[in-house]
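Dear colleague,

Please find below the structure that I am handing over to you, together with its sequence. My notes on what was found in it follow directly after.

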Amino acid sequence: MAAFSEEKRARLRALAEGEFLQSSDPAIDAFLRRMEAENAPVFSDVYAGDMTFFNAPRKTDLDQVDLALVGIPFEASAPVRAGTRLGPRSFREWSKVRGPVHDVWKTIPFELLSVADIGDISFESPHDVSSCVQTIQETFSGFRRKGITPFSVGGVHTMSHPILTGLASGEGVGLVQIDAHADTARGSFQGDRLNDCRVFLNAMLDEAIDPERTIQIGMRGSLSPYWDFSKEAGARIIPMHECYDLGVSGLLDEIRSVIGDGPFYFSLDTDGIDATYLPGTQLPEPFGFTTREVVQIIRGMRGMDIVGADIVELCPPYDPNGISANIAAALGFEMVCLLAEAHVARNGQTRKTHWR
């Protein structure tokens, strides 16, 4: 092997000069310098300081918030495995090493909007499903009135129904759902109609989502006989075996065909991902999506009018290595970038996030 020439050595030494927070992109460098100047936790000890979603500032004054990151530690209606109420806490821990710049698009949500972690929803009666549902709906109705775009982490999937009811206010939006289960079972389950098995049936009856602008992707497993309401109501349901044939490109064509240009909500149930990749979920199902396929689907929705999103059923006790929360946090940052860009496109205004 040839020795390095003096010219090559000098060139490499010159390239190596500079600061740690320095890249070839002036916009990224300026943002990171601003984070440092505001004492934001950029590349700090991940276990030091406040534990917030993606190192966003913690805020309680919603007048200063455009994009709210909220935890929903709710699992009163979880039918199988307990532990989803710990999802937001685990997500926060892993999200500290996600972002703040999208590695492909170079999107910086904190430069587009005032982003804040507003904490977890507090439930007065955490074991009373009706009370919890009412609290969630009131919270998201408040977001709607203030024009705030929400990203939520839970928590059992039952939470998506009152989120949608609060956001839509009777004007049904579209829905893109990745899930192993359609969650549109008829009747009651475990003695209650507010349950994890009829989340989107309830949302359709409340006119929070339009069934004809609803697409449910990745369904499989033992609950397949209970998908009929979705089909009969006019939703596009794509079972996992059909996803194999369509591929990501075909699925994105279907999503855009069903949703069109109108507003829509995105809900990712962690059991939509194969349990090989994400074991920490409330009801794991084999033969699901790979993490790569899910991130490709999320990225493929860029430019669409997404008005809110959630990640649900994260169940950390069943994944002590944190792999599931790490994946969820990485996918969550993708969603936050989509939400920030769509909010700006919808409102035509930007407002930077400030840490002090």
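The accessible surface of the chain amounts to about 15700 Å², and 49% of it belongs to carbon and sulfur atoms; accessible areas come from the Shrake-Rupley method with a 1.4 Å probe, and for residues only the protein chains shown count as cover. Please note that this is a predicted model, in which local features need pLDDT of at least 70 and side-chain atom pairs count only at pLDDT 80 or more, while totals for chains, interfaces and linings use all residues. Residues are numbered from 1 along each chain as its sequence is written, and side-chain values use heavy atoms, with hydrogens and water left out.

Of the 356 residues of the chain, 55% count as buried. Here buried means under 20% relative accessible area, exposed over 50%, and partly exposed in between (1.4 Å probe, protein chains only). The radius of gyration of the chain is 21 Å, which agrees with the value near 21 Å that a compact globule of 356 residues would have; this radius is taken over C-alpha atoms, and the globule rule is 2.2 Å times the number of residues to the power 0.38. Along its principal axes, the C-alpha trace spans about 75 × 50 × 40 Å.

Contacts (heavy atoms within 4.5 Å) were also counted by separation along the chain. Among those with a separation of 6 or more, 78% are made by residues 24 or more positions apart. As for charge, the chain has 33 positive and 49 negative charges, and their mean positions are 5 Å apart. Lys and Arg count as positive and Asp and Glu as negative, without His and the chain ends; the place of a charge is NZ of Lys, CZ of Arg, CG of Asp or CD of Glu.

The chain has 11 helices and eight strands. These are DSSP runs numbered from the N terminus, helices being H or I with at least four residues and strands E with at least two.

Strand β1 (residues 67-72) deserves a description of its own. Six of its six residues are buried, so β1 is largely enclosed by the rest of the structure. In a regular strand the side chains alternate between the two faces of the sheet. In β1, Leu-67, Leu-69 and Gly-71 point one way, Ala-68, Val-70 and Ile-72 point the other way, and all are buried. Two strands are taken as paired if DSSP finds at least two bridges between them. β1 runs parallel to strand β2 (residues 115-120), to which four bridges join it, and Leu-67 stands opposite Val-115 in β2. With strand β3 (residues 149-154), β1 pairs in the parallel sense over six bridges; there Gly-71 stands opposite Val-153.

Gly-155 belongs to the loop between β3 and α6. Helix α6 itself comprises residues 160-168 and includes Ser-160. Ser-160 counts as buried because its relative accessibility is 0%. Apart from neighbours within four places in sequence, Ser-160 is in contact with Val-199, Phe-200, Ser-267, Asp-310 and Val-312.

A further cis peptide bond joins Gly-99 and Pro-100, with omega about 5°. Pro-100 is placed in the loop between α3 (87-95) and α4 (109-112).

The loop between β7 (264-269) and α10 (291-300) holds Leu-283. Leu-283 is partly exposed, at a relative accessible area of 24%. Neighbours within four places in sequence aside, the contacts of Leu-283 are Val-80, His-181 and Asp-271. The C-alpha atoms of Leu-283 and Ala-82 are separated by 10.0 Å, although the two are 201 residues apart along the chain. Phe-287 is found in the loop between β7 and α10 as well. Its phi is near 70°, a positive value in a residue other than glycine, and Phe-287 counts as exposed at 60% relative accessibility.

In helix α10, the buried residues are Val-294, Val-295, Ile-297, Ile-298 and Gly-300. They pack against β4 (173-178), α9 (240-259), β7 and α11 (323-347).

Finally, Glu-207 has a positive phi of about 60° although it is not a glycine. Glu-207 sits in the loop between α7 (199-205) and β5 (209-219) and counts as exposed, with 52% relative accessibility.

With kind regards
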